[in-house]
Amino acid sequence: MRALLGGASGLVSGFAALAVAELVSVAVRPEASPVTVVGGAAVDRTPPALKDFAVRHFGTDDKAVLQLGIVVVLALFALAVGVLAVRHRRTGSGVALLFGAVGVAAAASRPDARWADVLPSAAGGVVAGALLYWLAGRARTPLGGRPGGRGGAGAGVFDRRGFVVAATAAAAASAGAGALGRQLNADKAAAQAASRADTVLPRPASPARPLPAGVHPEVRGLSAFHTSTKDFYRVDTALAVPRVDASTWRLRLHGRGVRRPVALTFQDLLGRDLVERDITLTCVSNEVGGPYVGTARWLGVRLADVLREAGVRPPSEGGPADQLVARSVDGMTIGSPVETVMDGRDALLAVGMNGEPLPFAHGFPVRMLVPGLYGYVSACKWLTDLELTTFDDFDAYWVRRTWSRGAPIKTESRIDTPRPFASPKAGVVPVAGVAWAQHRGISRVEVRIDGGPWHEARLAAEAGHDTWRQWVWPWRATPGSHTLEVRATDRTGYTQTGQRVGTVPDGATGWHSVVVAVT
Ligand SMILES: Nc1nc2c(c(=O)[nH]1)N[C@H]1C(S)=C(S)[C@@H](COP(=O)(O)O)O[C@H]1N2
Ligand SMILES: [Mo]
(Lines give C-alpha, C1' and ligand atoms only; values in the text may rest on other atoms or scores of the structure.)
(Ligands and ions follow the chains in the order given, each with its own letter.)
Protein backbone atom coordinates (compact mmCIF):
# COMPACT_ATOMS: atom_id res chain seq x y z
CA MET A 1 0.00 0.00 0.00
CA ARG A 2 2.76 2.38 1.01
CA ALA A 3 4.65 1.65 -2.21
CA LEU A 4 1.53 2.35 -4.22
CA LEU A 5 1.00 5.71 -2.54
CA GLY A 6 4.68 6.48 -2.97
CA GLY A 7 4.53 5.68 -6.66
CA ALA A 8 1.48 7.89 -7.06
CA SER A 9 3.19 10.72 -5.16
CA GLY A 10 6.24 10.39 -7.40
CA LEU A 11 4.21 10.45 -10.62
CA VAL A 12 2.14 13.45 -9.53
CA SER A 13 5.28 15.33 -8.47
CA GLY A 14 7.05 14.52 -11.73
CA PHE A 15 4.03 15.61 -13.74
CA ALA A 16 3.81 18.86 -11.74
CA ALA A 17 7.51 19.50 -12.36
CA LEU A 18 7.12 19.18 -16.15
CA ALA A 19 3.96 21.31 -16.13
CA VAL A 20 5.58 24.12 -14.14
CA ALA A 21 8.69 23.91 -16.31
CA GLU A 22 6.54 24.25 -19.41
CA LEU A 23 4.91 27.34 -17.96
CA VAL A 24 8.28 28.89 -17.03
CA SER A 25 9.63 28.09 -20.51
CA VAL A 26 7.06 30.47 -21.96
CA ALA A 27 8.93 33.34 -20.33
CA VAL A 28 12.32 31.93 -21.35
CA ARG A 29 11.89 30.08 -24.68
CA PRO A 30 10.18 26.81 -25.59
CA GLU A 31 13.55 25.19 -26.38
CA ALA A 32 14.48 25.54 -22.68
CA SER A 33 11.89 23.04 -21.44
CA PRO A 34 13.58 20.16 -19.56
CA VAL A 35 12.73 17.36 -22.00
CA THR A 36 14.09 19.42 -24.88
CA VAL A 37 17.34 20.43 -23.15
CA VAL A 38 18.01 16.93 -21.82
CA GLY A 39 17.25 15.48 -25.25
CA GLY A 40 19.41 18.11 -26.93
CA ALA A 41 22.29 17.44 -24.56
CA ALA A 42 21.89 13.71 -25.31
CA VAL A 43 22.01 14.41 -29.05
CA ASP A 44 25.20 16.48 -28.59
CA ARG A 45 26.81 13.53 -26.82
CA THR A 46 25.53 10.79 -29.11
CA PRO A 47 28.45 9.01 -30.80
CA PRO A 48 28.34 9.47 -34.59
CA ALA A 49 27.64 5.78 -35.21
CA LEU A 50 24.61 5.87 -32.91
CA LYS A 51 23.37 9.16 -34.37
CA ASP A 52 23.68 7.56 -37.77
CA PHE A 53 21.77 4.52 -36.53
CA ALA A 54 19.00 6.72 -35.14
CA VAL A 55 18.71 8.73 -38.34
CA ARG A 56 18.63 5.53 -40.36
CA HIS A 57 16.06 3.67 -38.31
CA PHE A 58 13.75 6.41 -37.14
CA GLY A 59 14.45 8.95 -39.86
CA THR A 60 13.03 12.29 -38.94
CA ASP A 61 11.09 10.57 -36.15
CA ASP A 62 14.35 9.98 -34.30
CA LYS A 63 13.64 13.00 -32.11
CA ALA A 64 10.10 11.96 -31.27
CA VAL A 65 11.48 8.56 -30.25
CA LEU A 66 14.14 10.24 -28.09
CA GLN A 67 11.62 12.53 -26.38
CA LEU A 68 9.24 9.67 -25.74
CA GLY A 69 12.16 7.72 -24.29
CA ILE A 70 13.03 10.59 -21.93
CA VAL A 71 9.43 10.85 -20.72
CA VAL A 72 9.22 7.08 -20.11
CA VAL A 73 12.52 7.06 -18.20
CA LEU A 74 11.36 10.09 -16.18
CA ALA A 75 8.09 8.35 -15.29
CA LEU A 76 9.96 5.23 -14.10
CA PHE A 77 12.31 7.34 -12.00
CA ALA A 78 9.39 9.32 -10.61
CA LEU A 79 7.76 6.05 -9.48
CA ALA A 80 10.98 4.87 -7.85
CA VAL A 81 11.70 8.20 -6.15
CA GLY A 82 8.12 8.30 -4.86
CA VAL A 83 8.47 4.84 -3.32
CA LEU A 84 11.73 5.99 -1.74
CA ALA A 85 10.12 9.18 -0.43
CA VAL A 86 7.40 7.46 1.60
CA ARG A 87 10.17 5.65 3.48
CA HIS A 88 12.83 8.36 3.56
CA ARG A 89 11.03 11.58 2.98
CA ARG A 90 14.04 13.92 2.89
CA THR A 91 16.16 11.65 0.74
CA GLY A 92 13.35 11.11 -1.75
CA SER A 93 12.64 14.81 -2.09
CA GLY A 94 16.35 15.48 -2.37
CA VAL A 95 16.63 13.04 -5.27
CA ALA A 96 13.69 14.80 -6.97
CA LEU A 97 15.57 18.08 -6.59
CA LEU A 98 18.62 16.41 -8.12
CA PHE A 99 16.59 15.65 -11.25
CA GLY A 100 16.01 19.34 -11.63
CA ALA A 101 19.76 19.78 -11.30
CA VAL A 102 20.32 17.34 -14.18
CA GLY A 103 18.01 19.48 -16.32
CA VAL A 104 19.87 22.62 -15.23
CA ALA A 105 23.22 21.05 -16.18
CA ALA A 106 21.84 19.90 -19.55
CA ALA A 107 20.47 23.38 -20.29
CA ALA A 108 23.75 25.05 -19.40
CA SER A 109 25.73 22.62 -21.58
CA ARG A 110 23.89 23.31 -24.86
CA PRO A 111 26.00 25.08 -27.49
CA ASP A 112 23.50 27.95 -27.63
CA ALA A 113 22.96 28.13 -23.84
CA ARG A 114 21.75 31.37 -22.26
CA TRP A 115 21.63 31.72 -18.50
CA ALA A 116 17.81 31.88 -18.40
CA ASP A 117 17.60 28.43 -20.03
CA VAL A 118 18.25 26.82 -16.63
CA LEU A 119 15.11 28.38 -15.09
CA PRO A 120 12.45 25.89 -16.33
CA SER A 121 14.43 22.88 -15.04
CA ALA A 122 15.28 24.64 -11.78
CA ALA A 123 11.64 25.54 -11.16
CA GLY A 124 10.57 22.01 -12.07
CA GLY A 125 13.09 20.51 -9.65
CA VAL A 126 12.01 22.72 -6.76
CA VAL A 127 8.33 21.99 -7.39
CA ALA A 128 8.98 18.23 -7.63
CA GLY A 129 11.01 18.22 -4.42
CA ALA A 130 8.54 20.29 -2.41
CA LEU A 131 5.43 18.52 -3.67
CA LEU A 132 6.92 15.10 -3.10
CA TYR A 133 7.88 16.08 0.44
CA TRP A 134 4.33 17.19 1.11
CA LEU A 135 2.59 14.23 -0.54
CA ALA A 136 4.93 11.72 1.05
CA GLY A 137 4.03 13.24 4.39
CA ARG A 138 0.32 12.75 3.67
CA ALA A 139 0.89 9.22 2.42
CA ARG A 140 2.10 8.13 5.81
CA THR A 141 -0.02 10.23 8.09
CA PRO A 142 -1.75 7.84 10.45
CA LEU A 143 -5.39 8.66 11.04
CA GLY A 144 -5.40 11.24 13.76
CA GLY A 145 -1.61 11.38 13.75
CA ARG A 146 0.64 14.30 13.03
CA PRO A 147 1.55 14.88 9.39
CA GLY A 148 5.24 14.26 8.93
CA GLY A 149 5.49 12.17 12.07
CA ARG A 150 8.05 9.40 11.74
CA GLY A 151 5.86 6.85 10.04
CA GLY A 152 4.81 4.97 13.12
CA ALA A 153 1.44 4.15 11.64
CA GLY A 154 0.19 0.63 11.43
CA ALA A 155 -0.01 -0.77 7.89
CA GLY A 156 -3.01 0.51 5.97
CA VAL A 157 -4.10 2.89 8.68
CA PHE A 158 -3.70 6.33 7.25
CA ASP A 159 -5.66 9.32 6.05
CA ARG A 160 -6.58 7.89 2.65
CA ARG A 161 -9.05 10.60 1.88
CA GLY A 162 -6.62 13.35 2.77
CA PHE A 163 -3.98 11.89 0.49
CA VAL A 164 -6.33 11.37 -2.44
CA VAL A 165 -7.62 14.94 -2.14
CA ALA A 166 -4.10 16.36 -1.96
CA ALA A 167 -2.76 14.30 -4.84
CA THR A 168 -5.77 15.02 -7.02
CA ALA A 169 -5.56 18.72 -6.32
CA ALA A 170 -1.85 18.74 -7.17
CA ALA A 171 -2.44 16.78 -10.39
CA ALA A 172 -5.28 19.07 -11.42
CA ALA A 173 -3.28 22.22 -10.72
CA SER A 174 -0.37 20.81 -12.73
CA ALA A 175 -2.61 19.89 -15.64
CA GLY A 176 -3.88 23.48 -15.61
CA ALA A 177 -0.37 24.95 -15.47
CA GLY A 178 0.84 22.61 -18.20
CA ALA A 179 -2.09 23.36 -20.49
CA LEU A 180 -1.63 27.10 -19.98
CA GLY A 181 2.08 26.79 -20.77
CA ARG A 182 1.40 24.80 -23.93
CA GLN A 183 -1.21 27.30 -25.06
CA LEU A 184 1.07 30.30 -24.48
CA ASN A 185 3.93 28.58 -26.32
CA ALA A 186 1.52 27.79 -29.15
CA ASP A 187 0.47 31.46 -29.32
CA LYS A 188 4.10 32.46 -29.64
CA ALA A 189 4.57 29.90 -32.39
CA ALA A 190 1.57 31.34 -34.21
CA ALA A 191 3.15 34.82 -34.19
CA GLN A 192 6.34 33.38 -35.64
CA ALA A 193 4.38 31.46 -38.25
CA ALA A 194 2.76 34.75 -39.23
CA SER A 195 6.19 36.27 -39.89
CA ARG A 196 6.77 33.47 -42.40
CA ALA A 197 3.27 33.63 -43.86
CA ASP A 198 3.67 37.37 -44.44
CA THR A 199 6.91 36.94 -46.36
CA VAL A 200 6.58 37.80 -50.04
CA LEU A 201 9.46 36.48 -52.11
CA PRO A 202 10.56 38.78 -54.92
CA ARG A 203 11.03 37.42 -58.44
CA PRO A 204 14.55 36.24 -59.17
CA ALA A 205 16.82 38.55 -61.15
CA SER A 206 18.35 35.35 -62.49
CA PRO A 207 15.72 32.61 -62.85
CA ALA A 208 16.60 28.91 -62.93
CA ARG A 209 17.40 27.53 -66.36
CA PRO A 210 14.24 26.07 -67.87
CA LEU A 211 14.24 22.31 -67.38
CA PRO A 212 15.06 20.49 -70.62
CA ALA A 213 12.35 18.13 -71.84
CA GLY A 214 12.91 14.64 -70.51
CA VAL A 215 14.66 15.30 -67.20
CA HIS A 216 12.14 12.88 -65.80
CA PRO A 217 11.59 9.70 -67.84
CA GLU A 218 8.10 8.28 -67.34
CA VAL A 219 8.91 5.26 -65.23
CA ARG A 220 6.76 4.30 -62.28
CA GLY A 221 8.66 4.36 -59.02
CA LEU A 222 11.43 6.67 -60.29
CA SER A 223 12.12 9.72 -58.06
CA ALA A 224 10.70 12.95 -59.44
CA PHE A 225 13.34 15.42 -60.62
CA HIS A 226 12.13 17.99 -58.08
CA THR A 227 11.56 16.55 -54.63
CA SER A 228 8.41 18.04 -53.15
CA THR A 229 8.98 20.00 -49.96
CA LYS A 230 6.87 17.59 -47.93
CA ASP A 231 8.97 14.63 -49.14
CA PHE A 232 12.29 16.44 -48.73
CA TYR A 233 14.45 14.71 -46.14
CA ARG A 234 15.21 16.52 -42.93
CA VAL A 235 18.36 15.97 -40.88
CA ASP A 236 19.33 18.18 -37.96
CA THR A 237 19.94 18.12 -34.22
CA ALA A 238 16.99 20.36 -33.31
CA LEU A 239 14.50 18.72 -30.95
CA ALA A 240 12.23 21.73 -31.24
CA VAL A 241 12.38 23.29 -34.70
CA PRO A 242 13.63 26.86 -34.20
CA ARG A 243 10.99 29.36 -35.26
CA VAL A 244 12.73 32.57 -36.06
CA ASP A 245 10.85 35.84 -36.40
CA ALA A 246 12.10 37.23 -39.72
CA SER A 247 11.36 40.82 -38.70
CA THR A 248 13.97 40.76 -35.94
CA TRP A 249 16.41 38.40 -37.65
CA ARG A 250 19.97 39.59 -38.40
CA LEU A 251 22.89 38.03 -40.23
CA ARG A 252 26.30 39.15 -38.94
CA LEU A 253 29.36 38.74 -41.14
CA HIS A 254 32.73 39.21 -39.45
CA GLY A 255 36.16 37.71 -38.83
CA ARG A 256 39.57 37.45 -40.45
CA GLY A 257 39.97 39.40 -43.64
CA VAL A 258 36.58 41.06 -43.38
CA ARG A 259 37.27 44.71 -44.14
CA ARG A 260 33.70 45.87 -43.58
CA PRO A 261 31.75 43.75 -41.08
CA VAL A 262 28.06 43.79 -41.94
CA ALA A 263 24.73 43.03 -40.30
CA LEU A 264 22.00 42.25 -42.81
CA THR A 265 18.26 42.17 -42.17
CA PHE A 266 15.87 39.83 -43.97
CA GLN A 267 14.60 42.83 -45.98
CA ASP A 268 18.20 43.69 -46.94
CA LEU A 269 18.56 40.21 -48.42
CA LEU A 270 15.20 40.30 -50.22
CA GLY A 271 16.16 43.69 -51.67
CA ARG A 272 19.23 42.29 -53.40
CA ASP A 273 19.41 40.51 -56.77
CA LEU A 274 18.10 37.01 -56.16
CA VAL A 275 19.11 33.94 -58.10
CA GLU A 276 17.03 30.81 -58.50
CA ARG A 277 18.80 27.45 -58.88
CA ASP A 278 18.04 23.74 -58.92
CA ILE A 279 20.42 22.10 -56.46
CA THR A 280 20.55 18.54 -55.14
CA LEU A 281 21.33 18.40 -51.42
CA THR A 282 22.81 15.25 -49.88
CA CYS A 283 23.46 14.18 -46.29
CA VAL A 284 26.76 12.57 -45.36
CA SER A 285 24.72 10.07 -43.30
CA ASN A 286 23.07 8.76 -46.44
CA GLU A 287 23.90 5.10 -46.81
CA VAL A 288 24.40 3.55 -50.22
CA GLY A 289 20.88 3.42 -51.67
CA GLY A 290 19.55 5.67 -48.89
CA PRO A 291 16.88 8.39 -48.91
CA TYR A 292 18.79 11.46 -47.62
CA VAL A 293 19.16 13.17 -50.97
CA GLY A 294 16.75 15.51 -52.71
CA THR A 295 16.50 18.24 -55.31
CA ALA A 296 14.73 21.54 -54.78
CA ARG A 297 14.44 24.84 -56.59
CA TRP A 298 16.16 27.29 -54.26
CA LEU A 299 15.97 31.07 -54.27
CA GLY A 300 18.67 33.14 -52.66
CA VAL A 301 21.50 35.62 -52.69
CA ARG A 302 24.89 34.60 -54.02
CA LEU A 303 27.04 34.26 -50.91
CA ALA A 304 30.29 35.03 -52.74
CA ASP A 305 28.94 38.49 -53.70
CA VAL A 306 28.16 39.30 -50.07
CA LEU A 307 31.64 38.14 -49.03
CA ARG A 308 33.35 40.18 -51.77
CA GLU A 309 31.46 43.31 -50.78
CA ALA A 310 32.71 42.87 -47.23
CA GLY A 311 36.26 42.73 -48.57
CA VAL A 312 36.76 38.98 -48.19
CA ARG A 313 39.25 37.32 -50.54
CA PRO A 314 39.67 33.55 -50.94
CA PRO A 315 43.01 31.99 -49.91
CA SER A 316 44.05 31.73 -53.60
CA GLU A 317 43.95 35.55 -53.72
CA GLY A 318 45.85 35.93 -50.47
CA GLY A 319 42.88 36.00 -48.09
CA PRO A 320 43.81 35.06 -44.49
CA ALA A 321 40.76 32.87 -43.78
CA ASP A 322 40.28 29.41 -45.28
CA GLN A 323 37.15 28.48 -43.30
CA LEU A 324 33.73 30.11 -43.28
CA VAL A 325 31.87 29.14 -40.11
CA ALA A 326 28.11 29.44 -40.25
CA ARG A 327 26.23 29.60 -36.92
CA SER A 328 22.55 28.96 -36.45
CA VAL A 329 20.18 30.36 -33.86
CA ASP A 330 20.32 26.96 -32.12
CA GLY A 331 24.10 27.03 -31.78
CA MET A 332 24.95 24.67 -34.65
CA THR A 333 28.29 25.45 -36.31
CA ILE A 334 29.02 24.38 -39.87
CA GLY A 335 32.37 25.10 -41.53
CA SER A 336 32.89 25.37 -45.30
CA PRO A 337 36.07 26.04 -47.28
CA VAL A 338 36.17 29.73 -48.32
CA GLU A 339 37.88 28.72 -51.55
CA THR A 340 34.94 26.49 -52.55
CA VAL A 341 32.31 29.04 -51.54
CA MET A 342 34.02 31.69 -53.71
CA ASP A 343 35.08 29.58 -56.72
CA GLY A 344 32.17 30.71 -58.88
CA ARG A 345 29.61 28.02 -57.99
CA ASP A 346 26.14 29.02 -56.83
CA ALA A 347 26.77 29.02 -53.08
CA LEU A 348 23.60 30.61 -51.68
CA LEU A 349 22.11 32.38 -48.75
CA ALA A 350 18.78 30.75 -49.53
CA VAL A 351 15.44 32.30 -48.61
CA GLY A 352 13.11 30.22 -50.80
CA MET A 353 12.50 26.53 -51.47
CA ASN A 354 10.25 25.29 -54.28
CA GLY A 355 8.54 28.66 -54.70
CA GLU A 356 7.86 29.39 -51.02
CA PRO A 357 9.73 30.92 -48.09
CA LEU A 358 11.86 28.22 -46.47
CA PRO A 359 9.73 26.01 -44.22
CA PHE A 360 10.70 26.35 -40.54
CA ALA A 361 12.06 22.78 -40.64
CA HIS A 362 14.34 23.67 -43.55
CA GLY A 363 15.83 26.80 -42.02
CA PHE A 364 13.48 29.80 -42.18
CA PRO A 365 14.29 32.59 -42.70
CA VAL A 366 17.74 31.95 -44.21
CA ARG A 367 19.99 28.95 -44.74
CA MET A 368 23.21 28.29 -46.58
CA LEU A 369 23.72 25.92 -49.52
CA VAL A 370 26.93 25.08 -51.36
CA PRO A 371 26.43 22.80 -54.38
CA GLY A 372 28.83 19.86 -54.19
CA LEU A 373 29.34 19.76 -50.40
CA TYR A 374 27.48 17.50 -47.98
CA GLY A 375 24.93 19.32 -45.83
CA TYR A 376 26.94 19.10 -42.60
CA VAL A 377 29.75 21.21 -44.12
CA SER A 378 27.65 23.65 -46.11
CA ALA A 379 23.93 23.85 -45.49
CA CYS A 380 23.46 25.63 -42.13
CA LYS A 381 19.76 26.22 -41.39
CA TRP A 382 18.40 29.08 -39.24
CA LEU A 383 21.60 30.90 -40.11
CA THR A 384 22.45 33.97 -38.04
CA ASP A 385 26.22 34.46 -38.07
CA LEU A 386 29.04 34.03 -40.59
CA GLU A 387 32.61 34.11 -39.33
CA LEU A 388 35.77 34.01 -41.41
CA THR A 389 38.42 31.95 -39.64
CA THR A 390 40.80 29.06 -40.34
CA PHE A 391 40.47 25.28 -40.15
CA ASP A 392 43.47 25.35 -37.77
CA ASP A 393 41.70 27.66 -35.36
CA PHE A 394 38.21 26.22 -35.22
CA ASP A 395 36.48 22.83 -35.44
CA ALA A 396 32.77 22.95 -36.19
CA TYR A 397 30.12 20.82 -34.44
CA TRP A 398 30.38 17.64 -36.52
CA VAL A 399 34.15 17.86 -36.90
CA ARG A 400 34.39 17.65 -33.09
CA ARG A 401 32.38 14.47 -33.45
CA THR A 402 34.85 12.63 -35.71
CA TRP A 403 33.47 13.71 -39.10
CA SER A 404 35.86 15.15 -41.70
CA ARG A 405 36.65 18.84 -42.03
CA GLY A 406 36.20 18.74 -45.78
CA ALA A 407 33.51 16.65 -47.44
CA PRO A 408 32.76 17.01 -51.13
CA ILE A 409 29.78 14.88 -52.14
CA LYS A 410 30.86 11.54 -53.54
CA THR A 411 29.77 10.26 -56.95
CA GLU A 412 26.81 8.00 -56.18
CA SER A 413 23.87 6.26 -57.79
CA ARG A 414 20.70 4.58 -56.60
CA ILE A 415 18.21 2.11 -58.05
CA ASP A 416 14.67 3.41 -57.37
CA THR A 417 12.81 0.68 -59.26
CA PRO A 418 12.37 -2.25 -59.07
CA ARG A 419 12.20 -2.13 -55.28
CA PRO A 420 14.16 -4.65 -53.21
CA PHE A 421 12.43 -8.05 -53.17
CA ALA A 422 9.96 -6.98 -55.86
CA SER A 423 8.66 -9.77 -58.09
CA PRO A 424 8.31 -8.35 -61.61
CA LYS A 425 7.09 -10.54 -64.47
CA ALA A 426 9.65 -11.91 -66.92
CA GLY A 427 10.08 -9.73 -70.00
CA VAL A 428 11.30 -6.16 -70.34
CA VAL A 429 11.52 -4.55 -66.89
CA PRO A 430 12.63 -0.90 -66.70
CA VAL A 431 15.41 -0.48 -64.13
CA ALA A 432 15.59 3.19 -63.20
CA GLY A 433 17.02 5.53 -60.62
CA VAL A 434 19.10 8.59 -59.92
CA ALA A 435 22.82 9.39 -59.95
CA TRP A 436 24.58 12.43 -58.54
CA ALA A 437 28.00 14.05 -58.42
CA GLN A 438 27.12 17.64 -57.61
CA HIS A 439 29.17 20.32 -59.36
CA ARG A 440 30.89 17.69 -61.50
CA GLY A 441 27.90 16.24 -63.32
CA ILE A 442 27.07 12.68 -64.37
CA SER A 443 28.33 11.38 -67.71
CA ARG A 444 27.48 7.66 -67.54
CA VAL A 445 25.43 5.18 -65.54
CA GLU A 446 25.81 1.42 -65.87
CA VAL A 447 23.79 -1.49 -64.59
CA ARG A 448 24.76 -5.14 -64.28
CA ILE A 449 22.88 -8.30 -63.44
CA ASP A 450 24.25 -11.03 -61.22
CA GLY A 451 27.81 -9.71 -61.49
CA GLY A 452 27.78 -9.95 -65.31
CA PRO A 453 28.94 -7.33 -67.82
CA TRP A 454 28.02 -3.66 -67.29
CA HIS A 455 25.27 -2.23 -69.53
CA GLU A 456 25.04 1.48 -70.23
CA ALA A 457 21.77 3.00 -69.07
CA ARG A 458 19.97 5.78 -70.94
CA LEU A 459 20.58 9.07 -69.16
CA ALA A 460 17.75 11.55 -68.82
CA ALA A 461 18.33 15.10 -70.07
CA GLU A 462 20.81 17.01 -67.90
CA ALA A 463 19.41 19.97 -65.97
CA GLY A 464 22.85 21.08 -64.78
CA HIS A 465 25.93 19.86 -62.94
CA ASP A 466 24.56 20.68 -59.50
CA THR A 467 21.61 18.31 -59.70
CA TRP A 468 21.09 14.60 -59.81
CA ARG A 469 20.35 12.88 -63.09
CA GLN A 470 17.67 10.30 -63.75
CA TRP A 471 18.47 7.14 -65.75
CA VAL A 472 16.70 4.07 -67.16
CA TRP A 473 17.84 0.70 -68.45
CA PRO A 474 15.43 -1.76 -70.09
CA TRP A 475 16.23 -5.15 -68.62
CA ARG A 476 15.20 -8.40 -70.34
CA ALA A 477 14.34 -10.17 -67.13
CA THR A 478 14.31 -13.96 -66.94
CA PRO A 479 12.58 -15.93 -64.17
CA GLY A 480 14.50 -16.48 -60.96
CA SER A 481 16.29 -14.47 -58.32
CA HIS A 482 18.60 -11.74 -59.62
CA THR A 483 20.89 -9.08 -58.18
CA LEU A 484 20.91 -5.67 -59.87
CA GLU A 485 23.82 -3.30 -59.32
CA VAL A 486 24.45 0.26 -60.48
CA ARG A 487 27.48 2.52 -60.78
CA ALA A 488 27.92 6.07 -62.09
CA THR A 489 30.74 7.93 -63.76
CA ASP A 490 31.07 11.69 -63.30
CA ARG A 491 32.27 14.30 -65.77
CA THR A 492 35.81 14.23 -64.39
CA GLY A 493 35.92 10.64 -65.70
CA TYR A 494 35.84 9.09 -62.23
CA THR A 495 33.80 5.89 -61.92
CA GLN A 496 32.11 5.24 -58.59
CA THR A 497 34.06 2.72 -56.55
CA GLY A 498 32.50 -0.61 -55.60
CA GLN A 499 34.40 -0.63 -52.32
CA ARG A 500 31.92 -0.54 -49.44
CA VAL A 501 32.73 2.14 -46.89
CA GLY A 502 30.41 3.42 -44.13
CA THR A 503 29.17 6.98 -43.74
CA VAL A 504 31.69 8.10 -41.09
CA PRO A 505 33.86 10.17 -41.61
CA ASP A 506 33.10 11.61 -45.05
CA GLY A 507 30.33 9.68 -46.80
CA ALA A 508 29.53 6.09 -47.82
CA THR A 509 30.78 4.41 -50.99
CA GLY A 510 29.85 1.21 -52.79
CA TRP A 511 27.41 0.10 -55.46
CA HIS A 512 23.74 0.05 -54.62
CA SER A 513 22.34 -3.41 -55.22
CA VAL A 514 18.79 -4.71 -55.27
CA VAL A 515 17.67 -8.33 -55.23
CA VAL A 516 14.46 -9.22 -57.07
CA ALA A 517 12.57 -12.44 -57.78
CA VAL A 518 11.36 -12.46 -61.39
CA THR A 519 8.28 -14.67 -61.93
N1 LIG B 1 21.19 24.53 -37.80
C2 LIG B 1 21.41 23.35 -38.39
N3 LIG B 1 21.65 23.31 -39.71
C4 LIG B 1 21.88 22.12 -40.33
C5 LIG B 1 21.89 20.92 -39.60
C6 LIG B 1 21.65 20.99 -38.20
O7 LIG B 1 21.66 19.97 -37.49
N8 LIG B 1 21.40 22.22 -37.64
N9 LIG B 1 22.12 19.72 -40.26
C10 LIG B 1 22.84 19.78 -41.53
C11 LIG B 1 22.79 18.52 -42.24
S12 LIG B 1 23.71 17.24 -41.61
C13 LIG B 1 22.14 18.39 -43.44
S14 LIG B 1 22.33 17.00 -44.37
C15 LIG B 1 21.27 19.46 -43.95
C16 LIG B 1 19.87 18.90 -44.19
O17 LIG B 1 19.02 19.91 -44.63
P18 LIG B 1 17.46 19.63 -44.70
O19 LIG B 1 17.04 19.17 -43.32
O20 LIG B 1 16.82 20.88 -45.14
O21 LIG B 1 17.28 18.51 -45.71
O22 LIG B 1 21.16 20.53 -43.04
C23 LIG B 1 22.36 20.90 -42.42
N24 LIG B 1 22.11 22.11 -41.68
MO1 LIG C 1 23.77 15.65 -43.12
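Start with the largest cavity: select its 26 lining residues, among which Val-235, Asp-236, Ile-334, Gly-375 and Lys-381 lie nearest the centre. A cavity here is a set of points on a 1 Å grid over the protein atoms alone, where a 1.4 Å probe fits but cannot get out, and lining residues have an atom within 4 Å of a point. Before going on, note that this is a predicted model, with pLDDT of at least 70 needed for local features and 80 or more for side-chain atom pairs, while totals for chains, interfaces and linings use all residues. Residues are numbered from 1 along each chain as its sequence is written, chains are lettered from A and ligands numbered from 1 in the order written, and side-chain values use heavy atoms, leaving out hydrogens and water.

Colour that lining by class: 14 residues are nonpolar, six polar and six charged. Ala, Val, Leu, Ile, Met, Phe, Trp, Tyr, Cys and Pro count as nonpolar, Asp, Glu, Lys and Arg as charged, and the others, Gly among them, as polar. The volume of the largest cavity is about 350 Å³, taken as the space filled by probe spheres set on grid points joined across faces, edges and corners.

What takes up the space of the largest cavity? Show ligand 1: that space is the one it takes (more than half of a molecule's atoms must lie within 2 Å of the grid points). Select its shell next, 20 residues with a heavy atom within 4 Å; Tyr-233, Thr-237, His-362, Arg-367 and Lys-381 are the closest. Eleven of the shell residues are nonpolar, four polar and five charged.

Now for the polar contacts (pairs of N or O atoms within 3.5 Å). Zoom in on Arg-367, where a polar side-chain atom is 2.7 Å from an oxygen atom of ligand 1. Ser-328 has a side-chain N or O atom 3.3 Å from a ligand nitrogen, and for Asp-330 the corresponding distance to a nitrogen is 3.5 Å. The protein buries 100% of the 530 Å² that ligand 1 exposes when taken alone (Shrake-Rupley, 1.4 Å probe).

Methods: A polar contact is a pair of N or O atoms within 3.5 Å; within protein, one must be able to donate a hydrogen and the other to accept it, and residues adjacent in sequence count only if both atoms are side-chain atoms. On a 1 Å grid over the protein atoms alone, a cavity is a set of points where a 1.4 Å probe fits but cannot get out, and a pocket is an open set with protein on both sides within 12 Å along at least five of seven lines; lining residues have an atom within 4 Å of a point.
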